[in-house]
Amino acid sequence: MRTIDLATSSVVDAIETTGFFAPIVFILFHLIRQFLLIPVAVVCVVGGILFGGVFGTIYSIVGLTGSSILFYFLPKLFPSFYQKLVKMKGKYIGMYTTFSIGQIIVLRLIPFMNFSLICLCILEKTKSFRRYVKISFLTHIPSCICFTFLGVSLQSLSPIILGGIVIILFVLVYLLREKQAFIKWEEFFVKEKG
């Protein structure tokens with residue numbers, strides 16, 4: 001927790017010094033956050049501290065949606081990084097695993113879940129840029145509200161309670177999965193009795 005406190009105070013100090021341009025700097029910070037490996041939760045907590053619950057949530061939604069849009073163009077800009085991310089998805093999630101929108105929302109609520117990995121799952125789920133942006137925007141809203149309004153209190157909770165919350169979120173990811181029916185080869189091609 002000490003490193004989260006240090007990261008949060010550093011970000012707060014940096015953004016506070018920008019004055020009138022603080023919201024713009026905060027949104028731009030969301031864009032570069034993924035390259036600095038700073039968790040989304042930390043930046044959203046900072047938004048709540050600096051701008052209050054409502055404006056902090058709005059700025060975080062705008063910043064994270066912008067970050068998702070930036071990720072959309074990642075395969076063209078950095079193909080090798082994109083391939084590494086695809087391999088990581090195959091290793092940890094499964095190459096052909098898809099998530100429902102409900103699962104993606106819950107995954108975004110897990111504080112240290114890899115942002116780019118979730119964006120990759122949305123990218124594979126959608127066929128158009130417009131749908132990708134829409135799903136990204138909608139899935140950011142609950143996590144931004146949660147981390148902005150409750151983020152400060154989450155930091156003061158005990159590790160046991162935080163662990164319990166994370167376990168509940170993982171259970172929700174399982175329960176909200178897309179249901180798929182598997183038909184055996186023999187059942188699909190039933191021979192007619194003649």
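The structure is a predicted model, in which local features need pLDDT of at least 70 and side-chain atom pairs count only at pLDDT 80 or more, while totals for chains, interfaces and linings use all residues. Residues are numbered from 1 along each chain as its sequence is written, and side-chain values use heavy atoms, with hydrogens and water left out. The chain has ten helices and zero strands, where helices (H or I, at least four residues) and strands (E, at least two) are DSSP runs numbered from the N terminus.

**Helix packing**

- Helix α2 (residues 22–36) packs against α3 at an angle of about 55°, and their axes are 8 Å apart; the axes are lines fitted to C-alpha atoms, for helices over the stretch in contact, with angles running from 0 to 180 degrees between N-to-C directions.
- This angle makes α2 oblique to α3, since angles under 35 degrees count as roughly parallel, over 145 as roughly antiparallel, 65 to 115 as roughly perpendicular and the rest as oblique.
- The residues of the contact of α2 with α3 comprise 16 nonpolar, eight polar and one charged, where Ala, Val, Leu, Ile, Met, Phe, Trp, Tyr, Cys and Pro count as nonpolar, Asp, Glu, Lys and Arg as charged, and the others, Gly among them, as polar.

**Aromatic rings**

- The structure holds seven aromatic pairs, a term for rings of Phe, Tyr and Trp (its six-membered ring) whose centres lie within 6.5 Å, with planes under 30 degrees apart counted as stacked, over 60 as edge-to-face and the rest as tilted.
- One of these pairs joins Tyr-72 and Tyr-132, which are 5.1 Å apart centre to centre and tilted, with 45° between the planes.
- This pair links distant parts of the chain, as Tyr-72 belongs to helix α3 (residues 40–72) and Tyr-132 to helix α8 (residues 129–156), 60 residues apart.
- One aromatic cluster is formed by Phe-26, Phe-51, Phe-55 and Tyr-59.

**Burial**

- Of the 194 residues of the chain, 38% count as buried, where buried means under 20% relative accessible area, exposed over 50% and partly exposed in between (1.4 Å probe, protein chains only).
- Tyr-132 is buried because its relative accessible area is 0%, whereas Tyr-72 counts as partly exposed because its relative accessibility is 22%.
- Ser-136, which lies in helix α8, counts as buried because its relative accessibility is 1%.
- Ser-136 and Ile-122 are 14 residues apart in sequence, and in space they are 7.3 Å apart, C-alpha to C-alpha.
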